[in-house]
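Visitor: Could you take a close look with me at one part of this structure, and explain how its charged side chains pair up and what lies around them? I am new to this, so please go step by step.

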Amino acid sequence: MNLKTCLRSILLVSLISCNSVKNDPVMESLSNRVLKDKSNNFLFHINKKKHLQDEFTINSNNNKVIIEGNNRIALASGLKWYINNKANSQITWEATNLDFPNTLPKIDFPIKKKASFEYSYYLNYCTYSYSMAFWDWPRWEEEIDLMAMRGINLPLAMNGIEAVWRNTLLRLNCSKEEIDQFIPGPAFNAWWLMGNLEGWGGPLSDTYIDQQAELQKKILNRMKELDMKPVVPGFFGMVPTYFKEKYPNADIRDQGLWAGGFQRPAFLSPTDPLFIKISKIYYEELKKLYGNIQYFSGDPFHEGGSSKGINLPNAGEKLVHAMRASFPDSKWVFQGWQHNPSPMLIKNIPSDEIIILDLDCDNRPQWEERNGWNGKPWVWSMITNFGGNVGMFGRMDIIAKEPFRALHHEKFGGNLCGIGAMMEGIDNNSVIYDLLFDVRWHRKPIDLDKWLNTYIKSRYGKLNQDIIDAWQVLRKTVYGKELLKNSSQQGTTESYLCARPSLNIKSVSTWGSSDLYYNPKELLPAWKIFIENKDNFITNEGYKYDLVDITRQCLSNYSQYLHQQITTAFHNKDKEKLTKYTKEFLQLILDQDQLLSTIPSLTLDHWIKNARDRGTFESEKDLFEFNAKTQITTWSFKDSNLHEYSHREWAGLLREFYYPRWNKYFDYLLEKISNKHTQKPNFFPFEEKWTRQIGVSTLKSKTTPYEVSEKVYNKYYSRILNSYNN
């Protein structure tokens, strides 16, 4: 550090300690919410510098930690850095560890960090339905604080768009019945706003729509208060299907069917005069509700749809022009997914009016084959979780290196402007997202050995060599999925326990995979270490969650072995072995259910309760329960390629849904092997009936995560190890 910087830091500490500079009130409030009684130990100061990239400096004086930054996202990032790296503490979705002393660790020399990327983007449209569909303000407040501390400055904010559309359609003389046909239920909102379906899971009451609008106002106000720049759905030409009859002279295209047999909304070409009229109304209604917005998103032809005959360069230009006519200086954010956005659609859009999210860079990156998105600003993003599926998964080494390879690429690095998390579901694998967002504060590839040690210590409050060794096992197995040029894997290895029963399972969902990309035997040492060390971390939330998650993953992997034995026994017509292994498989489901019942967030009851709580009256509560159950099982109104896309390995769902389904199938196999004339079960009637039943049989765990994990370990560890050895 040079003398000038050192003197400046000393002066800053002196000024703040003398109360010449007030503690930033917004950051003081965040600190109070997050740290409770420990918040008085921190002081926050916004400097007057105007940087393109965020930066923060951390000092300490008189038992106070002083964080300076050029905006509040930088200050919150500095707070997280100190909590993780100096106070050995952590806040994540699954757990909180804030067990640090009142006398904070001292900063001997000022710590300064500067972001390597302008933007840090957060949230997929799908996240709002797969994880956030039934959130209230207290849960959103927690999430926004966590966003700020992770350095997120460009979050998607798509709550409350139902009110914008309702008000827009009313001004276009649509009836309440017509509006109900268009706007879907909360569990399917994402695919409506992406132009994939309309009406499914609805209708919504005006009371609920107004509540969502009020929730969005709180969310946007808090995001803006923290210096975030929320991204709100804009008007890109999606209109109700019945608009083809209402406006027969307009250029409105039928977009055919989407996955699951859903009729897509129609598409109004941006080159048609009606587009200007509707967009003007849409943005007027949006501004009335939510004020000024700088960033909008939306994707014409998302996952299909026809653009035949449309002048795409002109359409892209007019789409953005309509937005900027209502919100000058705003930018449009496109999702780089499959063939979107097409080069022709973005050809005439100026670079300073657009951002492209390269969604799946840790799995199927497009930026090189797309020539760095032809000079347009783009964000290195990752999805990692699809459908909110439960499973330990990630590509640690890829995340630690690839953003920097892209940033320093001699041809395409110059227009890389950010990193982003585009997960379809959250509340799992926090380590992967903490790693991604830490990338923003590094200048070169991350040393994973060093980073992991810091992560372990912050998560559990302490570390020992055993736990370091266990995490190295995790890094090389569940979190060691490679980036392969000619193949990809869409999210975690899917659990056989959740699969629609069959003797030939390749995946649970249509586009997923149940292939193990590591030897399951190699994961067992991590399980053993976590069990043997549990007494050293008896009160730690993160350790409890990780112990249960590792135990769950080992049992899930073992189900593949049992399934293999069942298949072999059936083909050999060995009734004795078939009976033995089907009973073991069914018992494994029940043991997994009991294990997961010890973690509330891994239960069906938690999901259904949140859904019902968001309803205002009984019929609406029932509708939202139907939304919640349908999304994680059949998904569609018919048996389709979407069934099980959003399967969850959860307590309650295992016991109520997956167990009876497998049991029915095993009865069929036993009858078949006895040469009885029996038909293979049709599972959809059972599945669809289950989605319409009200209520779940809650199983409140009477034991701790440690007790059940140890019980399961003692029952299965040797059995699993011997099975793999043989």
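This is a predicted model: local features need pLDDT of at least 70, side-chain atom pairs count only at pLDDT 80 or more; totals for chains, interfaces and linings use all residues.

Guide: The side chain of Asp613 meets that of Lys609 in a salt bridge, with 2.8 Å from N to O. Both residues belong to helix H22 (residues 604-614), where they are 4 residues apart, about one turn of the helix. In general, side chains of opposite charge can pair when their charged atoms come close.

Lys176 and Asp180 form a salt bridge whose closest N and O atoms are 2.9 Å apart. They sit in helix H7 (residues 176-182), and because they are 4 residues apart there, about one helical turn separates them. Lys176 is partly exposed, at 36% relative accessibility, and Asp180 is partly exposed too, at 22%.

Now compare a pair in another setting. Arg661 forms a salt bridge with Glu644, and their closest N and O atoms are 2.9 Å apart. This pair links distant parts of the chain: Arg661 is in helix H24, while Glu644 is in the loop between helix H23 (618-631) and H24, 17 residues away. Arg661 has a relative accessibility of 1%, so it counts as buried. Glu644 is buried as well, also with a value of 1%. Elsewhere, salt bridges with shared partners join Arg33, Glu141, Asp145, Arg222 and Glu225 into one network. The whole structure holds 49 salt bridges.

Let us stay with H24, the helix of Arg661. H24 (residues 653-673) packs against helix H25 (residues 684-691) at an angle of about 160 degrees, and their axes are 10 Å apart. The two helices are therefore roughly antiparallel. Arg661 takes part here too: H24 contributes Leu653, Glu656, Phe657, Pro660 and Arg661, and H25 contributes Phe686, Glu687 and Trp690.

The contact of H21 with H24 divides into 14 nonpolar, 4 polar and 3 charged residues.

Definitions and conventions: Residues are numbered from 1 along each chain as its sequence is written. Side-chain values use heavy atoms; hydrogens and water are left out. Axes are lines fitted to C-alpha atoms, for helices over the stretch in contact, and angles run from 0 to 180 degrees between N-to-C directions. Angles under 35 degrees count as roughly parallel, over 145 as roughly antiparallel, 65 to 115 as roughly perpendicular and the rest as oblique. Contact means heavy atoms within 4.5 Å. Ala, Val, Leu, Ile, Met, Phe, Trp, Tyr, Cys and Pro count as nonpolar, Asp, Glu, Lys and Arg as charged, and the others, Gly among them, as polar. A salt bridge is a side-chain nitrogen of Lys or Arg within 4 Å of a carboxyl oxygen of Asp or Glu. Buried means under 20% relative accessible area, exposed over 50%, partly exposed in between (1.4 Å probe, protein chains only).
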